[in-house]
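Let's take a walk through a protein model together. Keep the picture open while you read, and look up each piece as it comes along.

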Amino acid sequence: MKAIVYSQNGLPISDENALYDADVAKPQPGARDLLVKINAIAVNPVDTKVRKGAATEQPRILGWDAVGVVEAVGEAVRLFRPGDEVFYAGDISRAGSYAEYGLVDERIAGHKPRSLSDADAAALPLTSLTAWELLFDRFEVQADENAALLIVGAGGGVGSILTQLARKLTGLTIIGTASRPETEEWVQQQGAHHVINHHQPLAEQLRALGIDTVKYVASLTHTDSYYTQLIEVLAPQGKLALIDDPETLDAMPLKRKAISLHWELMFTRSLFETPDMQRQHEILQRISQLIDDGTLQTTAGEHLGSINAANLRKAHALIESGRARGKLVLSGF
């Protein structure tokens, strides 16, 4: 089958060997696996981080967002059957979605939203799981809460769907950060009540909105750059969640305000096969329903064409530039 792989980590994305087209063996499903014929994918920052940082002894397939059709199932599969349209983010320890076929454990896959194209649906799994887990599993936000949530990096993939979820399913006041006019407009479209510039002092901008402190901060990018400011704007007994990779993070400054620190990694459940691993199936089923009833919308920002090495190198370059808005999607081989 066709696949796009890398063999040497750390190469600049301008190098044709950073990602290249290859032919690899078609995988065979294990007991709880779905064999999926992949129709569309999305590209995430984790794709670029793994390509740059993770050495590999053999060509590795990246990609952790996919939409496709179930071609075969393992003998223990109960949630799906051949012919089902599915979407999923997969397991970072397995081969990814930059390929014609992929395997995914049924417990972390969902039925694709019927109302979306394959490409628009591919924008959703990884970021929806991340945002849902952050909001409802880590923060444990209640639907009727009227506290304030600050989202740093609200224009990206996770920030976009997190903004929608918070606006549609909770009573939170949502303040998103953005630094460019087009991104600011995007964040407003996703449902933020206010948009402030993360290149300017956060506390001062919040006070101008009549907001002295916030109960929740979702720090989605450059946490180490904003950490002191985030502690300043968090209320006593507030909650800070992050998804990025600061080199170090000193928790001691959180003590005086008794701020709780929460890490969100949507791969944790599949990496450790936690007892509640199937919750990801349940979340994706709920996301699909919310899309089809019009509550949520796709966060696809740009369609970059068919799935091949050249287009994937463009996608990686755009993500590495820090100028991506919403999700980057590709479809068809």
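Predicted model: local features only at pLDDT ≥ 70, side-chain atom pairs only at ≥ 80, totals over all residues.

**The parallel sheet**

Start with the open sheet of 6 strands, which pair in parallel and come in the order S11-S10-S9-S12-S13-S14. Which strands sit at its edges? They are S11 (194–196) and S14 (260–263), and each of them pairs on one side only. Going from one strand to the next, the twist averages 20 degrees.

Now zoom in on strand S9 (residues 148–152), which runs parallel to strand S12 (residues 214–219) and is joined to it by 4 bridges. In that pairing, Leu-149 has Tyr-216 in S12 as its bridge partner. S12 also pairs with S13, again in the parallel sense, over 5 bridges. There you can find Val-217 standing opposite Leu-240 in S13. Is S13 open or enclosed? Of its 9 residues, 7 are buried, so S13 is largely enclosed by the rest of the structure.

Helices lie on this sheet too. Helix H4 (residues 157–169) packs on the sheet and touches S9, S10 (173–177) and S12. The direction of H4 makes about 170 degrees with that of S9. Helix H7 (residues 223–233) lies across S9, S12 and S13 (234–242), and H7 runs at about 155 degrees to S13.

**Antiparallel pairings**

| Strand pair | Bridges | Example residues |
|---|---|---|
| S1 (residues 2–6) and S4 | 2 bridges | Val-5 and Ile-61 |
| S3 (residues 33–43) and S5 (residues 66–73) | 7 bridges | Leu-35 and Ala-72 |
| S5 and S6 (residues 85–88) | 4 bridges | Gly-68 and Val-86 |

**Two helices that cross**

Next, look for a pair of helices. In general, two packed helices are described by the angle between their axes and the distance between the axes. Helix H1 (residues 45–53) and helix H10 (residues 309–321) pack at an angle of about 100 degrees, and their axes are 9 Å apart. That angle makes H1 roughly perpendicular to H10.

Which residues meet there? From H1 come Pro-45, Asp-47, Thr-48, Arg-51 and Lys-52, while H10 brings His-316, Ile-319 and Glu-320. Sorted by type, the residues of this contact are 2 nonpolar, 2 polar and 4 charged.

**The nonpolar cores**

Time to look inside. The largest nonpolar core has 88 residues, and those with the most contacts inside it are Leu-34, Tyr-98, Leu-135, Leu-149 and Leu-312. There is also a second, separate core of 20 residues, with Leu-150, Leu-202, Val-217 and Ile-231 among them.

Leaving aside neighbours within four places in sequence, what does Leu-149 touch? The list is Leu-135, Phe-139, Ala-166, Leu-172, Thr-173, Ile-174, Ile-175, Tyr-216 and Ala-218.

**Two residues in loops**

Finally, a pair of loop residues. Pro-113 has its place in the loop between strand S8 (109–111) and helix H2 (118–122). Is Pro-113 buried or exposed? With a relative accessibility of 0%, Pro-113 counts as buried. Apart from neighbours within four places in sequence, Pro-113 is in contact with Phe-87, Ala-121, Ser-288, Ile-291 and Asp-292. Arg-60 is 53 residues from Pro-113 in sequence, and the two are 29 Å apart in space, C-alpha to C-alpha.

Thr-274 is found in the loop between helix H8 (268–272) and helix H9 (279–292). Its relative accessible area is 19%, and buried means under 20%, so Thr-274 is buried. Again leaving aside neighbours within four places in sequence, Thr-274 is in contact with Thr-268 and Arg-269.

Technical notes. Residues numbered from 1 in each chain as written. Heavy atoms only, no water. Axes fitted to C-alpha atoms, helices over the stretch in contact; angles between N-to-C directions. Parallel < 35°, antiparallel > 145°, perpendicular 65-115°, else oblique. Contact = heavy atoms within 4.5 Å. Nonpolar A, V, L, I, M, F, W, Y, C, P; charged D, E, K, R; others polar. Core = buried A, V, L, I, M, F, W, Y, C linked by side-chain atoms within 4.5 Å. Buried < 20%, exposed > 50% of the residue type's maximum accessible area, 1.4 Å probe, protein only. Pairing = 2+ DSSP bridges.
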